[in-house]
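Hi everyone, thanks for coming. Today I'd like to walk you through some charged side chains and their partners. Please have a look at the screen first.

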Amino acid sequence: MWLDLKDIIEVPGASKDFAAQLDPLRLVSPSVTGFAVPPTVEGCVRNTAGLLELRAVVRADMRCVCDRCGREFERERVRELQVPLTASPEDEGSSDIFPLEGDGIDVCDVAETCFILDGESKLLCREDCKGLCPICGKNRNDGPCLCGENRSDPRFAVLEQLLDKE
């Protein structure tokens with residue numbers, strides 16, 4: 001969604017509100033497979049003493065796959081944004097500042113970028129997810145397996161010999 005800011009760029013104290021749906025296809029990843037409803041962004045751009053700042057809230061009801069056990073689950077994610085904007089070409093090199101394109105900015109692009117960059121590196125169905133058994137592949141959250149999982153890994157046999165000597 002293109003937001004034209006020419007009315008507030010030179011007016012300290014002025015602001016412009018916006019609300020938009022984000023493109024779900026731009027926000028999917030290997031762990032986020034979809035959304036129950038399209039993600040939204042809502043907020044305003046405010047001119048504070050000549051500095052433009054975008055403040056917004058991104059809401060997303062995500063369908064995810066646990067990175068540890070592979071189980072599907074749903075998670076709501078709410079991300080508050082507070083992003084400085086600049087019309088000055090000198091500030092464009094900073095990764096924290098988003099440059100204006102002429103007299104406006106694509107607020108969906110800013111919101112999607114911040115949403116992706118602030119995402120969790122590993123999505124888990126629950127904090128104490130036990131994952132899968134490395135031998136039989138059973139989901140350990142459903143209970144213990146009977147495959148003899150307590151057998152030691154042959155790659156650690158040399159290290160176990162060191163423990164036996166003590």
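Let's start with R26, which forms a salt bridge with E112, with 3.0 Å between the closest N and O atoms. By salt bridge I mean a side-chain nitrogen of Lys or Arg within 4 Å of a carboxyl oxygen of Asp or Glu. R26 sits in the loop between β2 (15–21) and β3 (32–35), while E112 belongs to helix α1 (residues 107–117), so this pair ties together parts that are 86 residues apart in sequence. Those helices and strands are DSSP runs (H or I, at least four residues, for helices; E, at least two, for strands), numbered from the N terminus.

Before I go on, a word on what you are looking at: this is a predicted model, where local features need pLDDT of at least 70 and side-chain atom pairs count only at pLDDT 80 or more, while totals for chains, interfaces and linings use all residues. Residues are numbered from 1 along each chain as its sequence is written, and side-chain values use heavy atoms, leaving out hydrogens and water.

Now, is E112 buried or exposed? With a relative accessibility of 3%, E112 is buried, whereas R26 is partly exposed at 46%. The cut-offs are under 20% relative accessible area for buried, over 50% for exposed, and partly exposed in between (1.4 Å probe, protein chains only). R26 and E112 also belong to a network of salt bridges together with D109.

On to another pair: D142 and R71 form a salt bridge at 2.7 Å, N to O. D142 is in the loop between α1 and α2 (157–165) and R71 in the loop between β5 (51–65) and β6 (72–86), so parts 71 residues apart in sequence are tied together. D142 is exposed at 52%, and R71 is partly exposed at 34%.

Next come R75 and E120, whose side chains meet in a salt bridge of 3.4 Å, N to O.

How many salt bridges does the structure hold? There are eight.

Finally, a charge and a ring: the charged end of R77 sits over the ring of F115, 4.0 Å from the ring centre. For that, NZ of Lys or CZ of Arg must be within 6 Å of the ring centre and within 35 degrees of the ring normal.
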